[in-house]
Amino acid sequence: MKRTYIMMLDSFGIGAAADAEAFGDTGSDTFGHIAQACAEGKANEGREGPLKLPNLARLGLALASKESTGQLPAGFSDDVEIIGAYGHADELSTGKDTPSGHWELAGVPVLYEWGYFSDHTNSFPKELTDKILARAGLSDYLGNCHASGTAILEELGNEHMTSGLPIFYTSADSVFQVACHEETFGLENLYTLCQIVREELEPYNIGRVIARPFVGTGPSDFARTGNRRDYAVEPPAKTVLDKLKDSGGEVVSVGKIADIYAHCGITKKVKGTGLEALFDATLEEIKLAGDNTIVFTNFVDFDSHFGHRRDVAGYARSLEYFDSRLPELMALMGEDDLLLLTADHGCDPTWPGTDHTRERVPVLAYGAGLEAGSLGRRKSFADMGQSIASYFKLEPMEYGESFIK
Ligand SMILES: O=P(O)(O)O[C@H]1O[C@H](CO)[C@@H](O)[C@H]1O
Ligand SMILES: [Mn+2]
Ligand SMILES: [Mn+2]
C-alpha cells in the first residue's frame, strides 16, 4: 500500500537561502535562532532550557540544519542515531510566500514575478479600491498599509466596529488582507467581500486574498479566529497532487492546504484550528487512508502565531509539542508509507519586522525503504514533488530531482 504523509511546518526554515541577500535576509535562520535563544535561557515562557526535539533530531533535522548553515544548532548533538533521509532545499520560486513554497514542493515552482503592493502606506491603488467599494456597497475602508495583522486590529479594530468599514492591509508578500469582526461585520459578509476583492485583483497578479475574521470587544481582547480563509490563484501547472488525483488516487487536505492550492488536486478537505486539532485530524486521516493516498497537513500556527508575531518561546514550545506527537504518527505508518516533513519559507522570530525570511527548508523523508543518511543540498523544493511522483509511479514532473528510485 502506498501512502505519503506531508507535514508542512509553515515557516520552519533552516538557514538563509543562497539568494537571501536579495530579500534583505542574509543570516536569517528560523530553527538556528530559536535553538540559540532557548540555549541561552531566553525562551522560557511555558517551556524551559535548550530546545528539545528528539524525534525530529532522529529524522535528521539538526544535521540538515548543520549542512545548511555550517553549524549545528545550539543544544543539538551530531551523536544521534539517524533513522531518516535528511536534506535541505533552496527555493527556485521568485517569492518567499506560502503559495510559492507549497506549489514548488508539489513540483511547480513560481518562476514569474508576483504583483506586490510595495508602498508601505497608501498601498492600494484608488482605482482598485473604488471598484471593490462600489461592488460591495461600501462607502470607504480603513488601513491601506503594510501591517502586522494583530497590530492593525489594536489600532483600527474599534473604529472598524463603530464605522462598519473593512480593514484592508498587506505585507511584503503578494497579498491583499481583509480584517473584519465576525459578529459586527459578519463572517459571510467578509467572505463575500474577499471574493469581490479576488475578482477585482485579476489584473494585478496578486497571489492571495486573505479573510482575517476576528472577535472581541476591544484592543485588549481582540482575537483572530480559525475562520481565516485564503483565496489563492490556481497554480500555473498541474502539481503532483493533481497528478495523483487524476490517476485515481486520493489527496486529503488537512488545514489550509486546499485553500493554498486553490482547491486543485484535492479530493477531501478536513479543517482544524490549532496545532493539537490539526495533529489529531492528521492522525485520523492517516488511519482512514487507503492505497494511493496523500495526507497533507499545513501547521499554520508556527507561522501566523509565532513567526510573524516574533514569539520565540511560543515557536519553541510548539515545535516541542509537535515533536512529542511524532511517535504517534510514525506508529501508524505501514512499511511502504512515506513521511515527508518540510516547510514553505522561513519566518525567523528573531528577525526585524514581521515578514517571512528567505530560507532553506528541511527535507526530512522517512519510510518507503529510504536509507538513513544525507540527501545533501537540494536545488529546489520541487525535489520533493518529483520524489512523490516517482514514489506513486506517476509521470515525472517538469522540475525537481527525485531522491526516490
Ligand atoms: O500579520 P498577519 O496578518 O499574520 O499576516 C501575515 O500573514 C500573511 C500570510 O503569511 C503574510 O503575508 C503576513 O502579512
Ligand atoms: Mn507559509
Ligand atoms: Mn506567513
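Which helix and which strand each supply at least two residues of the shell around ligand 1?

**Entry 1: ground rules.** I noted that this is a predicted model, where local features need pLDDT of at least 70, side-chain atom pairs count only at pLDDT 80 or more, and totals for chains, interfaces and linings use all residues. Residues are numbered from 1 along each chain as its sequence is written, while chains are lettered from A and ligands numbered from 1 in the order in which they are written.

**Entry 2: the ligand.** I looked up my opening question, and the answer is β5 (175–181) and α11 (301–307). Helices (H or I, at least four residues) and strands (E, at least two) are DSSP runs, numbered from the N terminus. I then listed the surroundings of ligand 1: T98, S148, G149, S171, D173, V175, Q177, R212, D303, S304, H308 and T354. A residue counts as near if its C-beta atom, placed from the backbone, lies within 6 Å. By class, the shell has one nonpolar, eight polar and three charged residues. Here Ala, Val, Leu, Ile, Met, Phe, Trp, Tyr, Cys and Pro count as nonpolar, Asp, Glu, Lys and Arg as charged, and the others, Gly among them, as polar.

**Entry 3: the domains.** I found the chain divided into domain 1 (3–111 + 236–391) and domain 2 (126–232), with bounds that come from an automatic or database domain assignment. Their C-alpha centres lie 28 Å apart. The contact between them takes 13 residues from domain 1 and twelve from domain 2. Why does ligand 1 lie between the two domains? Both of them give residues to its shell, so that is where it lies.

Next I looked up its neighbours. β4 (residues 167–170) pairs with β5 in the antiparallel sense over three bridges; two strands pair if DSSP finds at least two bridges between them. These two strands form a hairpin with four residues between them, and F168 stands opposite V178. With β6 (residues 208–215), β5 pairs in the parallel sense over seven bridges.

**Entry 4: F176.** I picked F176 from β5. F176 is buried, with 26 other C-beta atoms within 10 Å. Its bridge partner in β6 is V209. Leaving out residues up to four places away in sequence, F176 touches F168, T170, V197, L201, I206 and V209; contact means C-beta atoms, placed from the backbone, within 7 Å.

**Entry 5: the core.** Which residues touch the most other members of the largest nonpolar core? I found V178 and L364, out of 113 residues. A nonpolar core is a set of buried Ala, Val, Leu, Ile, Met, Phe, Trp, Tyr and Cys residues joined through C-beta atoms within 7 Å. Helix α12 (residues 312–331) gives the most to this core, with seven residues.

**Entry 6: helix α3.** Last, I turned to α3 (residues 61–69), where seven of the nine residues are buried, so the helix is largely enclosed by the rest of the structure. Its covering includes α1 (30–39), α2 (54–58), β2 (85–89), β13 (361–367) and β14 (373–378). Just after α3, I spotted G70 with a positive phi of about 95°.

Methods:
A residue is buried if 20 or more other C-beta atoms lie within 10 Å of its own, exposed if 12 or fewer, and partly exposed in between; C-beta atoms are placed from the backbone. Two residues are in contact if their C-beta atoms, placed from the backbone, lie within 7 Å.
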